[in-house]
Amino acid sequence: MQFNFVVSTNERAVRLWQSMGFAIVGRLPQAFRHPAHGYVDALVMYQLL
């Protein structure tokens, strides 16, 4: 199962997905415009079902 878009600065969401067994398999550079941080990376996360 692939989850396409987790914003890298959203540490809680990244930890949540990782706690459910998802791994970071890709990074989309500057794919999200954060209101406070400007352009930040998005993560592609994956878990084998």
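Reader: What makes Val25, Tyr46 and Leu48 a nonpolar surface patch?

Author: In this predicted model, Val25, Tyr46 and Leu48 make a nonpolar surface patch of about 320 Å². Accessible areas come from the Shrake-Rupley method with a 1.4 Å probe.

Reader: Why is Val25 called exposed?

Author: Exposed means over 50% relative accessible area, buried under 20%, and partly exposed in between. Val25 has 55% relative accessibility and therefore counts as exposed. Val25 lies in strand β2 (residues 23-34), strands being DSSP runs of E with at least two residues and helices runs of H or I with at least four.

Reader: Why does Val6 count as buried?

Author: The relative accessibility of Val6 is 3%, so Val6 counts as buried. Val6 belongs to strand β1 (residues 2-7). Beyond four places away in sequence, Val6 touches residues including Ala13, Val14, Trp17, Leu43 and Met45, where contact means heavy atoms within 4.5 Å.

Reader: What makes up the largest nonpolar core?

Author: Val6, Ala13, Val14, Trp17, Phe22, Leu43 and Met45 form this core of seven residues; a nonpolar core is a set of buried Ala, Val, Leu, Ile, Met, Phe, Trp, Tyr and Cys residues joined through side-chain atoms within 4.5 Å. Helix α1 (11-19) gives the most, with three residues.

Residues are numbered from 1 along each chain. Local features need pLDDT of at least 70 and side-chain atom pairs 80 or more, while totals for chains, interfaces and linings use all residues, and side-chain values use heavy atoms, without hydrogens and water.

Definitions and conventions:
Patch = residues over 30% accessible without salt bridge, like charges linked within 9 Å, V, L, I, M, F, W, Y side chains within 5 Å. Salt bridge = Lys/Arg side-chain N within 4 Å of Asp/Glu carboxyl O. Buried < 20%, exposed > 50% of the residue type's maximum accessible area, 1.4 Å probe, protein only.
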